[in-house]
Amino acid sequence: MKFVHFGDLHLWSPRMLWREWYEPKRWLGRLNLTLGRAKKFPPGYRLPAINAVTGENADVALFTGDFTNFSLREEFVMAAALFEPVLEKTRGNLIAIPGNHDRYTRGSVEEGLLEHFLTFLPPEPVHVRKLGIRLSVVCVDHAVPLKFSSNGVIHDDVHQKLVDTLEKMRKTNQIVILMGHFPYTTPPEHPESREHKLIGEEKLEALVKEYKPALYVHGHKHVRWAYRAPETPETLCLNCGSVAMKNPNPAKQAGYLTWDMDENNGKIKNLTAKVYDGNSQWTATPLLEDA
Ligand SMILES: [Fe+2]
Ligand SMILES: [Fe+2]
């Protein structure tokens, strides 16, 4: 079964949402865009990214969040249009979750734009998608609107639901791909900052240690990696990096991951990073696990 894993598209619109003038993030976000985010996520990268992903002809597409940058209506409209061919090509096997940028402010969450436009998103924070008799993807949603920072938060009720779900799957000997937006661990050379990390990450790490999903797939930190943390050696953590960011470092430049997975034993082969040259080519490089 072929997988394509992409994320952190960060579709942005330059509009200031004046009705949320009281939200510091609206001002900080605008400033950020002026200072470089607009160049960092060039609009010209968006369509080639979606074309490359659909061109993989994968059986399953995983999108690990941050469709938008400011959770604006026009950004969600763009996302809905761009994801239509992905849904079509995978015959509905697009499994996606929101990121912190898709719940940018409390007001944008209350408006319900995310659910309104991206109807393919799971209806609940812990969601199971069965891919084969023994293979399932379990999605968990830790994205919350915070006033200043870009953290994720593990709420107790969501975490308990995840524990219950994995417990049930263990009883039936399921192979699990766990999917979230935020990493619970990062390679030592890419430490996570206080304002960007998943608050309560130790709970997720303990859960991974206990239930040993074959993969933990995520994004949020815009660097591509395959990492086995010493604390959770039985789970391979895959960060797809951003699919639309411009950067001279190939691990940060626009790209995504692909691999083949045996649905009977969970073994993965041909793990590959595809990186955009900013023009028309996507270069494939085998992705080796970080030590
Ligand atoms: Fe992101
Ligand atoms: Fe994020």
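Two residues are in contact if their C-beta atoms, placed from the backbone, lie within 7 Å. The structure in these close-up views is a predicted model.

**View 1. Helix α6 beside helix α7.** Helix α6, which covers residues 156-171, and helix α7, which covers residues 201-211, have axes that come within 11 Å and cross at roughly 5°. Angles under 35 degrees count as roughly parallel, and that makes α6 roughly parallel to α7. On the α6 side the residues that meet the partner helix are H159, L162, V163, L166 and R170, while α7 contributes K203, L207 and Y211. Sorted by class, this contact of α6 with α7 holds 5 nonpolar, 1 polar and 2 charged residues.

**View 2. Helix α2 beside helix α3.** Here helix α2 (residues 46-55) packs with helix α3 (residues 73-89) at an angle of about 5°, and their axes are 9 Å apart. That angle makes α2 roughly parallel to α3. From α2 the contact takes R46, I50, V53 and T54, and from α3 it takes L82, P85, V86 and K89. By class, the residues in the contact of α2 with α3 are 5 nonpolar, 1 polar and 2 charged.

**View 3. The open sheet that contains strand β1.** This sheet has 6 strands in the order β3-β2-β1-β12-β13-β14, and its pairing is mixed. Strands β3 (94-96) and β14 (282-286) are the edge strands, each of them pairing on one side only. On average, neighbouring strands of this sheet are turned by 20° against each other, direction ignored. Within the sheet, β1 (residues 2-6) and β12 (residues 255-261) pair in the antiparallel sense over 4 bridges, and V4 stands opposite T258 in β12.

View 4. Strands of a sheet pair through backbone hydrogen bonds, either parallel or antiparallel.

**View 5. Strand β9 and its partners.** Strand β7 (residues 175-179) pairs with β9 in the parallel sense over 3 bridges, with I177 opposite L215 and L178 opposite Y216. Strand β11 (residues 236-240) also runs parallel to β9 and is joined to it by 4 bridges, and here V217 stands opposite L238.

**View 6. The largest nonpolar core around A49.** The largest nonpolar core has 72 residues, and those that touch the most other members are A49, V53, A61, V138, M179 and A244. When its neighbours within four places in sequence are left aside, A49 is in contact with L9, V243, A244 and A254.

**View 7. L146 in its loop.** Residue L146 lies in the loop between β5 (135-140) and β6 (152-153). Is L146 buried or exposed, or in between? L146 counts as partly exposed, because it has 18 C-beta neighbours inside 10 Å, whereas a residue is buried if 20 or more lie within that distance and exposed if 12 or fewer do. Although L146 and R103 are 43 residues apart in sequence, their C-alpha atoms are 8.5 Å apart in space.

Definitions and conventions:
Residues are numbered from 1 along each chain as its sequence is written. Chains are lettered from A and ligands numbered from 1 in the order in which they are written. This is a predicted model: local features need pLDDT of at least 70, side-chain atom pairs count only at pLDDT 80 or more; totals for chains, interfaces and linings use all residues. Axes are lines fitted to C-alpha atoms, for helices over the stretch in contact, and angles run from 0 to 180 degrees between N-to-C directions. Helices (H or I, at least four residues) and strands (E, at least two) are DSSP runs, numbered from the N terminus. Angles under 35 degrees count as roughly parallel, over 145 as roughly antiparallel, 65 to 115 as roughly perpendicular and the rest as oblique. Ala, Val, Leu, Ile, Met, Phe, Trp, Tyr, Cys and Pro count as nonpolar, Asp, Glu, Lys and Arg as charged, and the others, Gly among them, as polar. Two strands pair if DSSP finds at least two bridges between them. A nonpolar core is a set of buried Ala, Val, Leu, Ile, Met, Phe, Trp, Tyr and Cys residues joined through C-beta atoms within 7 Å.
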